[in-house]
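Please keep the sequence and the model in view while reading.

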Amino acid sequence: MTIRVLIADDQMMVREGFSVLLNAMPGIEVVGEAVNGREAVERVRELSPDVVLMDIRMPELNGIEATREIVAADGTAKVLVLTTFDLDEYVYQALRAGASGFLLKDASARQLADGVRVVADGEALLAPSVTKRLITEFSRLADTPRLMPGAQAAYGELTERETEVLVLIAQGLSNAEIAGRLVVAESTIKTHVSRILVKLGLRDRTQAAVFAYEARLVTPG
């Protein structure tokens with residue numbers, strides 16, 4: 001199936017450049033563009049893309065608020081945040097708002113396409129060391145754990161194995177890598193991940209990873 005992508009960025013050269021790169025990749029089609037966050041929300045409603053490449057700093061409605069609205073209203077479109085700086089404080093806020101990961105704007109064509117495919121497949125784009133550094137940096141700045149609403153009470157419902165899987169998700173491991181680490185079938189890990197998300201009331205693996213860091217299940221560093 002073709003992955004439908006919407007590009008939201010206030011810079012025309014960025015939009016056109018990414019459109020050319022992605023449209024040249026097999027299985028990916030850019031179905032629309034948006035010049036600000038408000039237009040991005042509207043275009044998602046009109047076009048129902050699978051993935052939204054979202055710039056953070058845009059006029060009218062920034063990428064963080066646009067991400068929050070898209071996640072709340074759509075429920076299916078995945079947001080992949082684009083940023084110029086690898087330690088942009090707004091990226092962390094976007095992850096908390098429901099973004100499935102982020103890429104630097106200087107990513108190669110292959111990295112961009114791979115990122116779109118990973119997010120469209122329901123995985124979190126957490127493998128790059130820069131992403132883990134971002135999450136751990138802002139987790140370290142918090143004086144106390146800042147768990148997402150409702151997650152504090154639900155945390156106690158996790159089994160010992162589910163907690164173990166949650167920690168490995170936060171470390172950036174894929175389902176296959178977690179299965180190898182725990183010596184179980186990959187399908188078993190997928191079941192654990194699904195149960196973790198349901199119990200904690202989280203949308204995807206990215207929010208699960210942020211939860212793990214904020215709950216201090218993973219030590220920053």
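How many bridges join strand E3 to E4? Five bridges join E3 (residues 51–55) to E4, and the two strands run parallel. The model is a predicted one, in which local features need pLDDT of at least 70 and side-chain atom pairs count only at pLDDT 80 or more, whereas totals for chains, interfaces and linings use all residues. Residues are numbered from 1 along each chain as its sequence is written, and side-chain values use heavy atoms, with hydrogens and water left out.

Strands count as paired if DSSP finds at least two bridges between them.

In a regular strand the side chains alternate between the two faces of the sheet. In E4, Lys-78, Leu-80 and Leu-82 point one way, while Val-79, Val-81 and Thr-83 point the other way. Six of the six residues of E4 (residues 78–83) are buried, that is, under 20% relative accessible area with a 1.4 Å probe, protein chains only.

Turning to the helices, H2 (residues 37–47) and H3 (residues 63–73) pack at an angle of about 20 degrees, with their axes 8 Å apart. This makes H2 roughly parallel to H3, a term for angles under 35 degrees. Their contact (heavy atoms within 4.5 Å) involves Gly-37, Arg-38, Ala-40, Val-41 and Val-44 of H2, together with Ala-66, Glu-69 and Ile-70 of H3.

How values were computed. Axes are lines fitted to C-alpha atoms, for helices over the stretch in contact, and angles run from 0 to 180 degrees between N-to-C directions. Helices (H or I, at least four residues) and strands (E, at least two) are DSSP runs, numbered from the N terminus. Angles under 35 degrees count as roughly parallel, over 145 as roughly antiparallel, 65 to 115 as roughly perpendicular and the rest as oblique. Buried means under 20% relative accessible area, exposed over 50%, partly exposed in between (1.4 Å probe, protein chains only).
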